[in-house]
Amino acid sequence: MKLYEVNQAIESVIDQMVDIETGEILPVSDELMEQLNSLEMERDRILGYLAKLVLNTRAEAAALKEEETRLKNRRDRLEKKENRLMEILDRECGGEKTNLGVATLSYRKEWCDMLLFCNYRTFVVQSDNAMEKAKATGGKRVIYTAHHPCWDAKNRHGLPEMMDLDYKSIAHLFTDAATAKKPESADAPAPAKSEAPEQAKPIELLRQMMADANVTDAEIQKVVSSKGHYTADVPISDYTEKFLNGWLIKYWPQVLKLIEADRTGLN
């Protein structure tokens, strides 16, 4: 029997126990009581089944909700990973169409030729005394032109990875671009060629960095020889540009720390 049928049967049995005209309770026979008890037991059985169905449905809904949360978190992690990997591809391909075999990266419009990061470099001296903290001894404003975990930067002009914050360091790039875009008339006389300011050479850039930090040639030669790159008697002017750019200038902060540590030891 269905629940509504059981309820109707119970009402019918109860009606037989009451006088409709007077409302008095009539003597109840054993057969009628047995029928009423049987119907109430059937009703309890149906209600118990419905309660179990509610609990099962609730548990299934909770399991689905938990699975949805897990899948959403997994999707979010994958999307973040995709964005990070795409940023690396975009940075390494430089905004140019690139065929990688398994996929081809293409762009509607090439991205910038130069992305620079400006910062202030602080020179810090570490004391030999463990109880004393490191002290800042000055610094300078610089431009970074290459990517670093702390910032994003790039360029397509072969600039050094770090330069002084001076417009002269990049002025020639804009001068060349303006000259290339200037229209020329066929009848007009050819303008006199003017030489664009040359990019600072690695040795000049190193000399400027040494002057800013009050570093001598002997101190540079000592660090270089200690690392096994050149002997201490080789002048800095004889260092190759590849070594100047790829080691001394690139790792100038670390070189400066070695020099400052050596000064502290001598004192």
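## Burial and overall make-up

Of the chain's 267 residues, 22% count as buried, where buried means under 20% relative accessible area, exposed means over 50%, and partly exposed covers the range in between (1.4 Å probe, protein chains only). The model is a predicted one, in which local features need pLDDT of at least 70, side-chain atom pairs count only at pLDDT 80 or more, and totals for chains, interfaces and linings use all residues. Residues are numbered from 1 along each chain as its sequence is written, and side-chain values use heavy atoms, with hydrogens and water left out.

The chain exposes about 20200 Å², of which carbon and sulfur atoms supply 54%; accessible areas come from the Shrake-Rupley method with a 1.4 Å probe, and for residues only the protein chains shown count as cover. The secondary structure comes to 7 helices and 7 strands. Helices (H or I, at least four residues) and strands (E, at least two) are DSSP runs, numbered from the N terminus. Along the sequence the pattern reads α-α-β-β-β-β-β-β-β-α-α-α-α-α. Taking contacts (heavy atoms within 4.5 Å) between residues at least 6 apart in sequence, 50% join residues at least 24 apart.

## Helix α2

Helix α2 covers residues 30-93, which is 64 residues. The expected span of a helix is 1.5 Å times one less than its number of residues.

## The three-stranded sheet

Three strands form an open, antiparallel sheet in the order β4-β5-β7. Strands are taken as paired if DSSP finds at least two bridges between them. β4 (117-125) and β7 (162-164) stand at the edges with a single partner strand each, so one side of each is left without a neighbour in the sheet. Neighbouring strands are turned by 50° against each other on average, direction ignored. Axes here are lines fitted to C-alpha atoms, for helices over the stretch in contact, and angles run from 0 to 180 degrees between N-to-C directions.

β4 and β5 run antiparallel and are joined by 8 bridges; Val124 stands opposite Ala136 in β5. Strand β5 (residues 135-144) pairs with β7, also in the antiparallel sense, over 3 bridges. In β7, Asp164 is the bridge partner of Val142, and Met162 is the residue opposite Tyr144. Helix α4 (residues 202-213) packs on the sheet and touches β4, β5 and β7, with its direction at about 65° to that of β7.

## Nonpolar cores

A nonpolar core is a set of buried Ala, Val, Leu, Ile, Met, Phe, Trp, Tyr and Cys residues joined through side-chain atoms within 4.5 Å. The largest has 27 residues, of which Val215, Ile220, Tyr239, Leu248, Trp252 and Val255 touch the most other members. Two or more residues each come from β5, α4, α5 (217-226), α6 (241-249) and α7 (252-266). Leaving out residues up to four places away in sequence, Val215 touches Met210, Ile220, Trp252, Leu256, Ile259 and Arg263.

Another core, of 8 residues, lies apart from this one; among its members are Val6, Val13, Met17 and Leu36.

## Residues in and around α5

Asn214 lies in the loop between α4 and α5. Asn214 has a positive phi of about 60° although it is not a glycine, and it is exposed, with a relative accessible area of 61%. Glu219, in helix α5, touches Asn214, Ile259 and Arg263, not counting residues up to four places away in sequence. Glu219 and Leu256 are 37 residues apart in sequence and 9.5 Å apart in space, C-alpha to C-alpha.

Gln221 is likewise in helix α5. Gln221 is buried, with a relative accessible area of 15%. Its contacts, leaving aside neighbours within four places in sequence, are Ala232, Asp233, Val234, Pro235, Ile236 and Tyr239. Asp262 is found in helix α7 and is partly exposed, at a relative accessible area of 28%. Between Asp262 and Val223 there are 9.2 Å in space, C-alpha to C-alpha, and the two are 39 residues apart in sequence.
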